[in-house]
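Please look over the sequence and structure before reading the notes.

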Amino acid sequence: MSNSVLIIDFGSQVTQLIARRIRELGVFCEVRNSDIKIDEIKKIGAKAIIFSGGPSSVYEKDAPTIDKKIFDLKTPILGICYGQQLICHLLGGKVTSSKEREFGKAMLLVRDDLTLFNDVSGVFDLSPVGSGENFPWNKKNPPNAITQVWMSHGDSVKKIPKGFKVMAETNSAPYAAIADEKRKIYGVQFHPEVEHSLDGRQMLKNFVIKISGCKPEWTMKNFKKEEITHIKKLVGKNQVICGLSGGVDSSVVAALINEAIGKQLTCIFVDHGLLRKGERAQVEEVFAKKFKTNLVCVDESKLFLSKLKGISDPEKKRKIIGKTFIEVFDRESAKIKNAIFLAQGTLYPDVIESSHPNKGASHTIKSHHNVGGLPKNMKLKLLEPVRMLFKDEVRLLGKELGLPDHVVGRHPFPGPGLAIRIIGEITPERIRVLQEADAIYIEEIRKAGLYDKIWQAFSVLTPIKTVGVMGDARTYENVLALRAVTSIDGMTADVYHFDSKFLCSVASRIINQVRGINRVVYDFTSKPPGTIEWE
Ligand code: XMP
């Protein structure tokens, strides 16, 4: 049996959060779509299974379900929200449909604190609760503990199956938590994985470690060791190509494969001339000098610039850069003999998303970002050594591999680079202006110790010209916009609020030192309604 947790995804928006929480406990887990077959579940052999929530109703036609044989595996199961309802539905209980959703905080009255609710510290905050509950317990029948949980459901359990008992209730949910302790099957109406369930981490820990017996052995040190052995075996005597962009994911992948097979790896770094100041030198410093990797740096800035001449439309810029990138990459990789693998920095959220039941919507939003990716028709096999990792785990792995902090902590940078931060036409002079100004902005952010608090910070060169006075002379130069946002995954973002003195000093340094800019503005738009980039 493998020391891991299997999460079966019934379509909840927060399934990934369950996975994050389990990994935080130091236990490996994987997320699989609910159409997974029972044989596959047996093959995975996880020590614990979690059914996620989901938007469906168990009685709906085509509602996602699972083979009942799963209950015979004797593996502990925890059903969350829809997961709980499905357990009841499949084991002979009843679920009531409701058109209205209960959404918000609720007070959970714990009646049994020996297993799932062991050591819940009984925390709650007294701000108004979502479902309108006040302190509902009956003084004659005091609960063992009270803790705040987060509810988000329509349907709820009406009758529990034979063998189950109530572990906890809320004012409006008599079956907020139920269990068949003999078979180690648990069901909760609320979402322990979200932050507002204040003891949620402890509950998941109880289920995964105490009840199911998983050991907290998932560390990046162990992952690195195992993955290196795996890569060596898989690659044998062949060659691997890695497209290195200088970003966190591809850098970690390159460092990992380099440690596994050294000179059998060749990294290709395409300089399209739209990088930030000093970026190429940094990549060379780390990968050629420090790690002694086979690094091919191709300077094709002239080629890219010539193709972008006269182009202002952002989508056209993206397409030209994407296509040219593939041509250059194809040409360079054809020079590498015996290459049979192409390494890519695919991360777990992309893997989960591509098998998520509601994948359509988010995929269309992101599709335009795929330009600058790698050729689709290459005859190489994909090697994706971090495809089971989340971003923060990739960063930890990077540290474990000895990558410098400025690489592992780097803000995301779009494939088309500065092309989509120069509004309007791209010229060598405009690239220079933006590079200089952006370097000052980022340097000041780092000096102020703010870099790691921000998801992305960058400058945008606008085509607007304004009048200014410098010394005795009148100037007529461009406006530069500064942007900084916080975000979890880039899908939504909030404006980062700098101290206005900080912004004033950055603005004055840029105007004084960068020829071509005489006015600096700050962008206060969140996403939505804006996007992070301007183009
Ligand atoms: P938006 O601007 O859509 O950006 O809010 C969300 C995230 O995606 C990055 N981004 C791109 N990345 N190629 C990329 O590789 C692109 O064309 C592209 N456009 C935006 C953006 O920097 C942010 O992190």
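The notes below take up the ligand surroundings, a helix pair and some backbone details of this predicted model.

**Ligand surroundings**
- The ligand is surrounded by 13 residues, and the closest are Arg318, Gln456, Lys527, Ile532 and Glu533.
- For Glu533, an N or O atom of the side chain is 2.5 Å from an oxygen atom of the ligand.
- Ile532 has a polar backbone atom 2.7 Å from a ligand oxygen atom.
- A polar backbone atom of Gly415 is 2.9 Å from an oxygen atom of the ligand.

**Cis peptide bonds**
- Most peptide bonds are trans.
- Lys527, listed among the closest residues to the ligand, is joined to Pro528 by a cis peptide bond with omega of about -15°.
- Pro528 is in turn joined to Pro529 by a cis peptide bond, with omega of about 10°.
- Pro528 is in the segment after strand E20 (517–522), and Pro529 is also placed in the segment after E20.

**Helices H5 and H6**
- Helix H5 (residues 220–235) packs with helix H6 (residues 248–261) at an angle of about 65°, and their axes are 9 Å apart.
- H5 is therefore roughly perpendicular to H6.
- The crossing of H5 past H6 is right-handed.
- In H5, Lys224, Glu227, Ile228, Ile231, Lys232 and Val235 make the contact, and in H6 their partners are Leu256, Ile257, Glu259, Ala260 and Ile261.
- By class, this contact of H5 with H6 holds seven nonpolar, four charged and no polar residues.

**Positive phi**
- Most residues other than glycine have a negative phi.
- Lys74 has a positive phi, near 65°.
- Lys74 sits in the loop between strand E3 (46–51) and strand E4 (77–80).

Note on methods. Residues are numbered from 1 along each chain as its sequence is written. This is a predicted model: local features need pLDDT of at least 70, side-chain atom pairs count only at pLDDT 80 or more; totals for chains, interfaces and linings use all residues. Side-chain values use heavy atoms; hydrogens and water are left out. Axes are lines fitted to C-alpha atoms, for helices over the stretch in contact, and angles run from 0 to 180 degrees between N-to-C directions. Helices (H or I, at least four residues) and strands (E, at least two) are DSSP runs, numbered from the N terminus. Angles under 35 degrees count as roughly parallel, over 145 as roughly antiparallel, 65 to 115 as roughly perpendicular and the rest as oblique. A crossing is left-handed if the near helix is turned anticlockwise from the far one by less than a right angle, and right-handed if clockwise. Contact means heavy atoms within 4.5 Å. Ala, Val, Leu, Ile, Met, Phe, Trp, Tyr, Cys and Pro count as nonpolar, Asp, Glu, Lys and Arg as charged, and the others, Gly among them, as polar. A residue is near a molecule or strand if one of its heavy atoms lies within 4 Å of it. A polar contact is a pair of N or O atoms within 3.5 Å; within protein, one must be able to donate a hydrogen and the other to accept it, and residues adjacent in sequence count only if both atoms are side-chain atoms.
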